[in-house]
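I am opening a notebook on a structure that is new to me.

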Amino acid sequence: MANDKLLVRGLGKEWAAHKVLTDIHFEQPPGTIYGITGDNGAGKSTLLKILATVLKQDEGQAWFQGISIGDLGAWRPITGYVPQDLALDGRLRVRETLNFWAAARGFSRDVRKEVLKVAASDPLISDFLEKTVRDCSGGMARRVSLVVGLLGDPALLLLDEPFAGADQASRKLMMERLDILRSRGRTILISSHEADLLGKLSNRILHLEEGRLLPPS
Amino acid sequence: MNGRAARWFRAFGAYLKGELRPSLVFLALTLAAVILLSALVSRMARQASEGGGDLPADFSVSASLVDEDQSFLGRLVVEYFQDMPYISQLHLDSYEKAMERLANDEVIVVLRLPPDLFEEARTGSQRDPIEFWLNPRMPAESGQIGIIVRQYSASFNYLYGSVFGYQKFYVDLGGDEDESWEKTTAHSFNALASYFGRNRYVATGDLLSFNLLLHVLSGLLLVFASLPAMGVLAATLRTARTPYEDRLLLSGGYGPLMLARLFSGFAWWLVLILPLLLFLKAGGLLTSILPAALLLLSVFLTASFLMLAVGRIRAPEVTLLQSGWFILFIFFLLGGVLYPPTLFPPWLDRAASLTPAYPVMEGIYRALYLKTSPGMEDLLLAARSLIPAGFLAFIFGRRRVS
């Protein structure tokens, strides 16, 4: 399916005979930010995890840039995922964290050097590159987590509660970065409880209720 | 190397560094401790091996013989036992005195020849058996005697049938029945005694003498070789089903992560095992390091493969850690680390011989005892566990998207 859009068709997921997601349909063009809202347990994280290929859907299908979600070898390199938890090694310095995750993505030494060079002037993290992650404030750690998710400049960005625990300054910086990414044609899906913030940032809000996508009001 | 393989190896390198980095200081401290321990153990083992230590280097038996038969057959048995190199002292006692010696741990075994043994043997209608009492407070030695007795018993049964037939034939030729019986019995028994006198079972057979220190040393090597597998389990459990693992999975895949954990465990294996092997080689107890190292590596890999699979079971972390320790305990128990397999009943010995640690322990002990190297047979026996364990790791040890 030759299409730059993110196409989601009939996605469903079941946990122990309980339907967590039911028949999710939507499509998202490049250069847009879609927000996902909903109560706890509505299925926001599950939807992002399926699109990140951390979980496998029980039914339905998704495509992005014509690539099927089942083709992990092609899907994962173009996807960036920022989980709800920080998921970083607190013992590493921020610089080392970037180097580690860049190497984990298979970047060569030269590319890793370039990543660190860019990080030195990145307003999100340049002030505290030598701090260990465990010494970072909640907002700083969130920014590091976002930058790690952006490694490799993925075309599809999946962010699960990226602003949780972040202060106002950190949120502002992160939102500015997401805005820039949108203008560069990236496709961004963000789940959050904070409807106001999502409202400001998103082109469209997807509201989930008990695993079902409500029609736009 | 194509792009995909290069990315795979870079991810592996990053994961390995990530696994090893937090424990570098502890690794260095452990290395220093193991070097000290190795020097000490090697010195003690050398002394014991040369017979200079406090512990007896060889298996020896003191025994009491109660001869109620008082025939020439009894005298032949006494002569035969006195000639056995592994019987250090033989007492000719009454039944009561022999039991007293057994109770006082002066002897390990009491042998009683019943009255009329010779008369009954010559007619082939033996009623009273030859009786053995083994000292229950010396289980290792008693176990070995038990094995020797079983081996002798089987040979006796076979040979006795042949001798009895030969005796009948001799009587027909000689005429005088009593004289013929006596001569053929003496002749047969001499042949039998010289057959056993070659130490067929104790010097060139499978049963090695028991040396406590070398047994402990073999056990220590086996324990040290297996312990890093618990590190593999701990590393797997630390990230299992966490968002951190999700990120690792999405970044570099799970294959490099599994391999990095194995290599991290291998680094610990090197630190724990290599100094010991080097010191044993330097001390002349091992002729070459590589075969022993491969033997010990096989037990590490087998245990690690199992731990990779255990680490992915959906259960509380503490339960899985206990399961891991339990698996290692079974390895040690059936491998003969806690008790020599000679003490096992035959069915357990047969079952234990199929477990991964058994051939490793046996191969290492034999190599240390004979001051040689484990052979290809030991290596093949040890390596056979790798296939099912590797299969389990491949099927159950992988992080699956579900």
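The entries below record what I looked up, topic by topic.

**Ground rules.** I note that this is a predicted model, in which local features need pLDDT of at least 70 and side-chain atom pairs count only at pLDDT 80 or more, while totals for chains, interfaces and linings use all residues. Residues are numbered from 1 along each chain as its sequence is written, chains are lettered from A and ligands numbered from 1 in the order in which they are written, and side-chain values use heavy atoms, with hydrogens and water left out.

**Where chain A meets chain B.** I looked up the contact (heavy atoms within 4.5 Å) and found that 31 residues of chain A and 20 residues of chain B take part. The buried area, meaning the accessible area (1.4 Å probe) that two parts lose on being put together, summed over both, is about 2200 Å² between these chains, and carbon and sulfur atoms give 60% of it. On the chain A side, V54(A), F100(A) and W101(A) supply 23% of the area buried against chain B, more than any other three residues.

**Salt bridges.** I counted a salt bridge where a side-chain nitrogen of Lys or Arg lies within 4 Å of a carboxyl oxygen of Asp or Glu. Across the interface of chain A and chain B there is one salt bridge; R21(B) pairs there with E96(A), and their closest N and O atoms are 2.8 Å apart. Over all chains the count comes to 23.

**Helices 3 and 5 of chain A.** I took helices (H or I, at least four residues) and strands (E, at least two) as DSSP runs, numbered from the N terminus. Axes are lines fitted to C-alpha atoms, for helices over the stretch in contact, and angles run from 0 to 180 degrees between N-to-C directions. Helix 3 (residues 94–104) of chain A packs against helix 5 (residues 138–149) of chain A at an angle of about 25°, with axes 10 Å apart. That makes the two helices of chain A roughly parallel, a word used for angles under 35 degrees, with over 145 as roughly antiparallel, 65 to 115 as roughly perpendicular and the rest as oblique. From helix 3 of chain A, V94(A), T97(A), L98(A) and W101(A) meet V144(A), V147(A) and V148(A) of helix 5 of chain A.

**Helices 13 and 15 of chain B.** What is the angle between helix 13 of chain B and helix 15 of chain B? Helix 13 (residues 317–335) and helix 15 (residues 357–370) of chain B pack at about 50°, with their axes 8 Å apart. That makes helix 13 of chain B oblique to helix 15 of chain B. I noted F331(B), L334(B) and G335(B) of helix 13 of chain B in this contact, together with A357(B), Y358(B) and M361(B) of helix 15 of chain B.
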